[in-house]
Amino acid sequence: MAKELFAIFGNPVSHSKSPLMHNLAFQGLSYDACYTRYLLENGSTLKETFSNLKLKGVNVTVPHKEAAFNACDFLDPFAQKIGVVNTIIEKEGKLYGYNTDAPGFLKAISEFKEIKTVLFLGAGGTAQATSVILKDEGYEVTLLNRSEERLKKYKVDNFKTYTFETFEPQTYDLVINMTSAGLEDDSLPAPKEILDTVIPQAKACMDVIYGKETAFLKLAKSHNKPTKDGSDMLLYQGIIAFEYFTQSSYTFESIKSYMQKAFIL
Ligand code: NDP
């Protein structure tokens with residue numbers, strides 16, 4: 001069998017850890033494949049690019065996850081439901097689409113115990129898939145966003161939503177920064193007065209940003225809360241994608257043992 005080729009499509013894509021994560025696992029598990037990155041400028045060329053590069057599978061990142069949804073011939077039921085695809089595999093000339101961001105996130109938060117109510121700070125693309133899977137799993141999700149616009153679709157789906165101006169704090173077991181606030185600077189995802197109300201009552205706090213201690217996580221730690229950044233979420237979505245790429249040939253834990261080395265290199 002010829003060596004299989006995989007890639008990540010995104011724009012930008014140079015910062016992505018996915019090539020390192022997947023190549024470490026391919027190498028460690030002696031699976032004859034290679035994973036590269038590809039700067040895809042125009043999402044409408046996704047299918048043609050996939051075919052021209054003779055790829056076996058891809059991960060898709062910002063801003064092409066909806067284009068990936070549209071490019072697939074078959075969708076798994078969860079990807080179909082949320083309209084967002086981040087993993088595609090080719091089988092007999094057809095493209096099959098999945099979303100591994102949401103189950104990866106679910107696994108990352110399941111390590112916090114006795115969580116029922118969750119407050120999302122932010123309502124962008126990452127919140128979209130993750131809010132649906134949490135709701136499906138029986139969590140109560142509330143969204144707090146800086147501006148009204150992005151909350152509209154969540155209202156339609158019967159989530160509780162607030163802006164900073166309309167917020168009526170309740171008790172939340174888990175508070176998660178789903179915004180990009182703190183990624184490039186030290187800003188907080190919501191006014192400090194709001195955070196100082198919800199964090200002390202929470203059992204734990206999480207940030208989807210990874211690789212740095214954000215101002216939000218620092219604040220949570222100052223309230224002595226257990227915290228985690230977005231590394232596990234990133235790792236777990238990668239492991240689930242790898243399971244699709246290799247058609248479940250390996251256990252989650254065996255993939256993890258190699259893939260997690262990407263976070264210490
Ligand atoms: P989007 O651009 O889709 O949404 C951004 C969200 O952040 C919006 O709700 C926006 O609010 C809010 N926001 C941005 N800046 C601020 C600010 N200064 N103060 C308050 N709110 C702000 O982003 P994504 O959902 O794609 O990404 C969000 C984060 O998730 C990023 O930091 C990204 O790195 C991270 N991420 C992590 C992953 C992982 O595996 N760990 C995977 C994917 C993403 P408004 O509507 O008012 O503009």
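These legends describe close-up views of a predicted model.

View 1. Strand 1 (residues 4-10) runs parallel to strand 2, and seven bridges join the two. Strands of a sheet pair through backbone hydrogen bonds, either parallel or antiparallel.

**View 2. The buried side of helix 1.** Ser-18, Pro-19, Met-21, His-22, Leu-24, Ala-25 and Phe-26 are the buried residues of helix 1. They pack against strand 1, strand 2, strand 3, helix 10 and helix 11 (252-259). Beyond the helix, Ser-30 follows with a positive phi, near 55°.

**View 3. Ala-25 and its contacts.** Ala-25 is found in helix 1. Its relative accessible area is 0%, so Ala-25 counts as buried, the cut-off being under 20%. Leaving aside residues up to four places away in sequence, Ala-25 touches Phe-242, Ile-255, Tyr-258 and Met-259. Ile-255 lies 230 residues from Ala-25 along the chain, yet their C-alpha atoms are separated by 6.0 Å.

**View 4. Helix 5, largely enclosed.** Helix 5 (residues 101-110) has ten residues, and seven of them are buried, so the rest of the structure largely encloses this helix. The buried set is Asp-101, Ala-102, Gly-104, Phe-105, Leu-106, Ala-108 and Ile-109.

**View 5. The crossing of helix 5 and helix 6.** The axes of helix 5 and helix 6 (residues 125-136) come within 9 Å and cross at roughly 60°. Helix 5 is therefore oblique to helix 6. The crossing is right-handed. On the helix 5 side, the contact involves Ala-102, Pro-103, Phe-105, Leu-106 and Ile-109. Helix 6 meets them with Ala-129, Thr-130, Ile-133 and Leu-134. By class, this contact has eight nonpolar residues, one polar residue and no charged residues.

**View 6. Strand 10 beside strand 11.** Strand 10 (residues 174-177) and strand 11 run parallel, joined by four bridges. Cys-205 in strand 11 is the bridge partner of Val-175. In a regular strand the side chains alternate between the two faces of the sheet. In strand 11 (residues 204-207), Ala-204 and Met-206 point one way, while Cys-205 and Asp-207 point the other way.

**View 7. Thr-163 and its surroundings.** Thr-163 has its place in strand 9 (residues 160-163). The relative accessible area of Thr-163 is 6%, which means it is buried, under the 20% cut-off. Setting aside residues up to four places away in sequence, Thr-163 touches Leu-144, Asn-145, Arg-146, Ser-147, Glu-148 and Leu-151.

Conventions
Residues are numbered from 1 along each chain as its sequence is written. This is a predicted model: local features need pLDDT of at least 70, side-chain atom pairs count only at pLDDT 80 or more; totals for chains, interfaces and linings use all residues. Side-chain values use heavy atoms; hydrogens and water are left out. Two strands pair if DSSP finds at least two bridges between them. Buried means under 20% relative accessible area, exposed over 50%, partly exposed in between (1.4 Å probe, protein chains only). Axes are lines fitted to C-alpha atoms, for helices over the stretch in contact, and angles run from 0 to 180 degrees between N-to-C directions. Angles under 35 degrees count as roughly parallel, over 145 as roughly antiparallel, 65 to 115 as roughly perpendicular and the rest as oblique. A crossing is left-handed if the near helix is turned anticlockwise from the far one by less than a right angle, and right-handed if clockwise. Contact means heavy atoms within 4.5 Å. Ala, Val, Leu, Ile, Met, Phe, Trp, Tyr, Cys and Pro count as nonpolar, Asp, Glu, Lys and Arg as charged, and the others, Gly among them, as polar.
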